[in-house]
Amino acid sequence: MKVKIWGARGSVPSPGPETVRYGGNTSCVQVTLDDGTLLILDAGTGIRGMGIALAAEAARVHIIVTHLHLDHIQGLMFFAPAFRSESEITIWGPASPEASLRDRIARYISAPLSPVEVRELPCEVAFRDCPETEWEIGTAHLRAASVTHRGPTLGYRITADDCSLAYIPDHEPAIGASLENDEPDWISGFDLARGASLLVHDCQYTDAEYADHVGWGHSGLSDTLTFARRTEVERLLLFHHDPMHSDDFLDTFYGSALEGWAERGGDPVALELATERREIELSAATDPLGSR
Amino acid sequence: MSQKPIELILARNLLSSLTTPAFLVDDHGALVFYNDAAATLVGRRFEERGQMAASDWTEQFGPADPEGRPVSWEDLPLTKALFAGRAIHSKMHLKVLDGTVHEIEVSALPIFATGGTRGAMAIFWPVEDGPQAGGPK
Ligand SMILES: [Zn+2]
Ligand SMILES: [Zn+2]
């Protein structure tokens, strides 16, 4: 299983000289399985670059969105394969009693916000509510579960090629809970992350910033580290960087993260800050350094 | 034990911060949480007891009739809310730790989500005590 980060920024695209290293594009992660199955996690602005890079023959893609906040769907309209008639795109996302996934996404892909409508897309596009259970796409086994954020939000676990990826980009498991002491079954997202080869997790705030943002739906550093240690993931990728966090700031932040990680008994090679275009190869016996 | 659905996790978070006694059951009617305010009525914190099957908790500290006899599980507001899928408000009696029977009011409501019924919660007001601590004066 190959995991490639195309956007790791939270909330709003943040391009500029001060974010050029970690990147300013919003959430988008490409997952390529050994059999070629292509899964795209979230469709933030990072999906634009990926759509350009994708070979034209990659006609069948699955876009799996965690929720419909703009930073997770904004790139949909700029995804090149959507404008090719031979493409078959399936968009998976959380169900809502209020409207279908198609109708909710169409609020963005429609006038006056968009020059095109969903029905005008030349590709074949299908919308599917994610079952809150388990299902298969190609050789991937997927699991979705609602997690604490603002509004209906899913986290995912993808198991394939003898390894597992947990993707929970927008998540505040610490709200009203004790990540250190509560039983696992009472911690949001615990089962999704448990023992994953790689956990990609919200880490928008420093601890000091989090104190002023409790209830905003995102995690502070200590909570993310504690969550990852308690769920015993093999590797942790800190994700959904705050738009205010420059590259220099994030370098320092990473230093604090490493300290906190070590205090909790974590292996430093298993902790990283998500960086745009970073590729990580997961295999059955994950070698934390086995990446490029 | 399996992962609790997010709606129960959030409900527990809310109830744990209330000073009003409250119970939370899962979709099978098992008692999965009660808060510290309820613990003062039933005599022990939830953390010391842990999760209880419907029959167990009903027998141990479920509501009673005016003479202190247990009300059957099917007749509890929580059960009705869970299985009838609607809010229930009623007056009942509760036999507390010291054996005395108190008249209480109960509001129970089911917890629905896109995935189906998740459980139900019940909040109690002792009739004789007036407003709860921290409540409206
Ligand atoms: Zn987000
Ligand atoms: Zn969000």
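A residue is called buried at under 20% relative accessible area, exposed at over 50% and partly exposed in between, with a 1.4 Å probe and protein chains only. By that scale A:Asp161 is partly exposed, at a relative accessible area of 21%.

The model is predicted, so local features need pLDDT of at least 70 and side-chain atom pairs count only at pLDDT 80 or more, while totals for chains, interfaces and linings use all residues. Residues are numbered from 1 along each chain as its sequence is written, chains are lettered from A and ligands numbered from 1 in the order in which they are written, and side-chain values use heavy atoms, with hydrogens and water left out.

## Chain A overall

Chain A holds 7 helices and 14 strands. These are DSSP runs numbered from the N terminus, with helices being H or I of at least four residues and strands E of at least two. The C-alpha trace spans about 55 × 40 × 40 Å along its principal axes. The radius of gyration of chain A is 18 Å, which agrees with the value near 19 Å that a compact globule of 292 residues would have. That radius is taken over C-alpha atoms, and the globule rule is 2.2 Å times the number of residues to the power 0.38.

Of the 292 residues in chain A, 56% are buried. Contact means heavy atoms within 4.5 Å. Among the contacts in chain A with a separation of 6 or more, 66% are between residues 24 or more positions apart.

The accessible surface of chain A is about 11,500 Å², and carbon and sulfur atoms supply 52% of it. Such areas come from the Shrake-Rupley method with a 1.4 Å probe; for residues, only the protein chains shown count as cover. Chain A carries 23 positive and 45 negative side chains, and the centres of the two sets are 5 Å apart. Lys and Arg count as positive and Asp and Glu as negative, with His and the chain ends not counted. Each charge is placed at NZ of Lys, CZ of Arg, CG of Asp or CD of Glu.

## Loops and backbone features of chain A

The peptide bond between A:Ala111 and A:Pro112 is cis, with omega about 0 degrees. A:Pro112 belongs to the loop between α3 (101–106) and β6 (124–129).

Two residues other than glycine have positive phi: A:Asp161, near 50 degrees, and A:Glu232, near 55 degrees. A:Asp161 sits in the loop between β9 (154–160) and β10 (163–168). A:Glu232 is placed between α6 (221–230) and β12 (236–239), and is exposed.

A:Asp34 lies in the loop between β2 (28–32) and β3 (38–41). Leaving aside neighbours within four places in sequence, A:Asp34 is in contact with A:Met1 and A:Asp161. The C-alpha atoms of A:Asp34 and A:Asp161 are 6.7 Å apart, although 127 residues separate the two in sequence.

A:Thr45 is in the loop between β3 and α1 (46–53). Beyond four places in sequence, A:Thr45 touches A:Pro13, A:Asn25, A:Thr26, A:Gln74 and A:Gly75.

| Residue | Relative accessible area | Class |
|---|---|---|
| A:Glu232 | 61% | exposed |
| A:Asp34 | 61% | exposed |
| A:Thr45 | 14% | buried |
| A:Leu198 | 1% | buried |

## Cores and packing

A:Leu198 is part of strand β11 (198–202) of chain A. Not counting residues up to four places away, the contacts of A:Leu198 include A:Val3, A:Leu165, A:Leu236, A:Ile280 and A:Leu282. A:Leu198 and A:Ala270 are 72 residues apart in sequence and 8.9 Å apart in space, C-alpha to C-alpha.

A nonpolar core is a set of buried Ala, Val, Leu, Ile, Met, Phe, Trp, Tyr and Cys residues joined through side-chain atoms within 4.5 Å. The largest such core has 41 residues, of which B:Phe23, B:Leu24, B:Leu31, B:Tyr34, B:Trp57 and B:Phe61 touch the most other members. Apart from that core lies another, of 31 residues, among them A:Trp92, A:Tyr156, A:Val200 and A:Leu282. Outside four places in sequence, B:Leu31 touches residues including B:Phe23, B:Phe46, B:Met52 and B:Trp57.

In helix α5 (77–84) of chain B, the buried residues are B:Pro77, B:Leu78, B:Thr79, B:Ala81 and B:Leu82. They pack against β1 (22–26), α4 (54–61), β4 (88–95), β5 (101–113) and β6 (116–126) of chain B. Just after this helix, B:Gly85 has a positive phi of about 70 degrees.
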